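Here's a quick briefing to read alongside the sequence and the 3D view. Grab a viewer and follow along, topic by topic.

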Amino acid sequence: MTETLLRVRNLTVRFPMPRARLVGPRPWLTAVNGVDLEIEAGRAVGLVGESGCGKSTLALAILALVAPQAGTIEWRGQPVRHDDATGLRRMRRELQVVFQDPVGSLDPRMSVGESVAEALEALEGPQAAAASRARVGSMLAEVGLDPALHTRYPHELSGGQCQRAAIARALVGRPRLLVCDEAVSALDVSVQAQIVNLLADLRRRHGLALLFISHNLAVVRHLCDEVAVLYRGRVVERAPAAAIFGGPRHPYTRALLAAVPDPDPAAHARARVPELRAAAAAESVAVVGCAYRPRCPLADDACRMQAPRLEDAGDGHLAACHHGRVRPPAS
Amino acid sequence: MGSDALFDVRDLGVQFTTPRGRVSAVREASLEVRRGECLAVVGESGSGKSQLFLGCLGLLAAGGVVQGSARFDGQELLGPDAAPRRAALGTRLAMVFQDPMNALTPHLTIGRQLVEVVLDRGLLDAAGARARSLEVLQSVGMPEPEARLRQYPHELSGGQRQRAAIAMALMTRPDLLVADEPTTALDVTVQAQVIDVLRAARDRGLAVVLITHDMGVVAGIADRVAVMYAGRIVEMAPARELFAAAAHPYTAALLASVPRLDTPLAGRLIGIEGQPPAPGDEPDGCAFAPRCASVLERCHRSRPPLESHENRSVACHAAGAVR
């Protein structure tokens, strides 16, 4: 049986906003709203959605870097508590993260070798110099950084090389789950392909699980076993990757997929699905019922009355849509 | 060639003076843009695609120098007299940049920034400027344009800001719009809208130069594509032909490395191993040779010239073998 590494239940993260007036109630922004998520050992789960949908906040909450207002997070069966420093330290050995900006996530005054050694020491305590050098060297070699570059500083390296170093830093303590928050988004396509291949190799070699956050759906399709689609803080669809890309059930997922420009002029010449046009509507209005209703071509009275719940259609494909079971005619 | 081009760049070079000496960012680049067409200029970071146009427009960072010729509607922009360039820039020749927040002034309303463009140049009176600003906001598909005129940039979403920046560039009815990575910071849904806006402007007769590294965006709008590598144009072709069969191995590798939704999943993505040469070290042979899958022995010794075959140009010794 595979072990469930991460279990998130009904997670809600809210941030206080400035008051509109000097006196009066403080408005709150709900960035993550009642999210459930599991990640099993060795699985790659993609988290997609537009900017502002809450995907990075969800990642920060999972990493115990922001405190949730409600809900629970369990790491390997143990609840994650922010007041339990020992427990957090233990979890962080097994749960690591790579961020978007490869240069900014490394200390400019440390060589990449020193950066990786620092991470090793922080996670596992003081190391003998020779042992540390060997581990750091083999880790950097594993992510494909030439040994000649280990003494270089971040500004001397390209973005792709810095991202390899950041991955080495995250992996040097042999974590079980790596959170990648837009980890390939800032890279050129040729370099992006190298890093995606590297992550796929590391998964295979070490049974590493991934939470891969990206707005690039094509990359998610290449790397992930499962996909969760987030819209305004809620998971609106969750399914095996093949089901999401082969038969999306939520109109938002379909709109996201339709908006990806394929590198093929012939495809662009064909008429595009109407859902894309609908996506122009005002985004900031508070919505009763389904949050996607103002942009949705399928919206009707049911969507106005009641927010749909995330429900399993019986095949492991979950969608939060009143019309989720009816597939519209293929366009 | 050349006479019917709105924008005609010949043998353009851009160099920067750095602590390590003079570094070439663009070498011997020639291209032309015709009215009502979209030319996409693609390449990886550092390939010189932005510097090529910043050089033409006299917008290089300190320490940058430009040689060669850039003629806009017959007028030389890079001559000793800066007057033609000043007259064209921001009026008949407009630019849009990647970051829409920095392109807009934070403390002025969108409406004020739009009318300023034409009022400062004395092109329209106040009433005309206001009417024009509404018209351009509508043409870029801005929801509720009247309300937007009274709003500040921070009140707009990223996509709306980029549309406001494009609207600002269109205020003077330019003939040429140079858009440098206009969709890179945007979500896919918003990106699709911005591509639609640029395509509509192109269809109304505007010439568009789209500088991007996103091949998907290129496929959505470009009529012709110029591919840059290490400061040089290595291939230029009509978009459909380029996507159907890339002649240069670098173009082929660039296209192959884009993960796609519309093809069956293959195990691995095809990246391009290695890295482009550091700025400043130009090898004797082809700059792409160390990374090239079709490399020939002579590629390391002699640099292939950009040669035209019908309406395509390619700089590759092995291009015959590839095609």
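How many residues of domain 1 of chain B are in contact with domain 2 of chain B, and how many of domain 2 take part? On the domain 1 side there are 12, and they meet 11 residues of domain 2. Keep in mind throughout that this is a predicted model.

**The two domains of chain B**

- Domain 1 of chain B comes in two stretches, 7–92 and 174–322, while domain 2 covers 102–172.
- Going by their C-alpha centres, domain 1 and domain 2 of chain B sit 30 Å apart.
- Look to helix H8 (residues 188–203) of chain B for the largest share of the domain 1 side that touches domain 2: six residues come from there.
- That side of domain 1 of chain B is made up of nine nonpolar residues, two polar ones and one charged one.

**Where chain A meets chain B**

- Chain A puts 35 residues into the contact, and chain B puts in 36.
- Four helices of chain A each supply at least two residues of the side that touches chain B: helix H6 (189–206), helix H7 (217–223), helix H9 (251–259) and helix H10 (265–269).
- H6(A) gives the largest share of that side of chain A, with seven residues.
- Sorted by class, the side of chain A that touches chain B holds 21 nonpolar, eight polar and six charged residues.

**The largest nonpolar core**

- The largest nonpolar core has 204 residues, and the members that touch the most others are Val116(A), Leu210(A), Phe212(A) and Val209(B).
- H8(B) turns up again here: it gives the most to this core, eight residues.
- Both domains of chain B take part, as the core draws at least three residues from each of domain 1 and domain 2.
- Zoom in on Phe212(A) and, setting aside neighbours within four places in sequence, you'll find it in contact with Ala44(A), Val45(A), Gly46(A), Leu47(A), Cys180(A), Val220(A), Leu223(A) and Cys224(A).

**Strands in chain A**

- Strand E1 (residues 4–16) and strand E4 (residues 70–75) of chain A pair in the antiparallel sense over five bridges.
- One pairing to find on screen is Leu6(A), whose bridge partner in E4(A) is Trp75(A).
- E4(A) also runs antiparallel to strand E5 (residues 78–79) of chain A, joined by two bridges.
- Glu74(A) is the residue opposite Pro79(A) in E5(A).
- E4(A) and E5(A) make a hairpin with two residues between them, and Arg76(A) in the turn has a positive phi of about 50°.

**A loop residue to check: Leu306(B)**

- You'll find Leu306(B) in the loop between helix H11 (249–256) and strand E11 (307–309) of chain B.
- Why does Leu306(B) count as partly exposed? Because it has 17 other C-beta atoms within 10 Å, and buried would take 20 or more, exposed 12 or fewer.
- Not counting residues up to four places away in sequence, Leu306(B) touches Ile233(B), Ser313(B) and Ala315(B).
- Leu306(B) and Gln51(B) are 255 residues apart in sequence and 20 Å apart in space, C-alpha to C-alpha.

Definitions and conventions:
Residues numbered from 1 in each chain as written. Chains lettered and ligands numbered in written order. Predicted model: local features only at pLDDT ≥ 70, side-chain atom pairs only at ≥ 80, totals over all residues. Domains from an automatic or database assignment. Contact = placed C-beta atoms within 7 Å. Nonpolar A, V, L, I, M, F, W, Y, C, P; charged D, E, K, R; others polar. Core = buried A, V, L, I, M, F, W, Y, C linked by C-beta atoms within 7 Å. Pairing = 2+ DSSP bridges.
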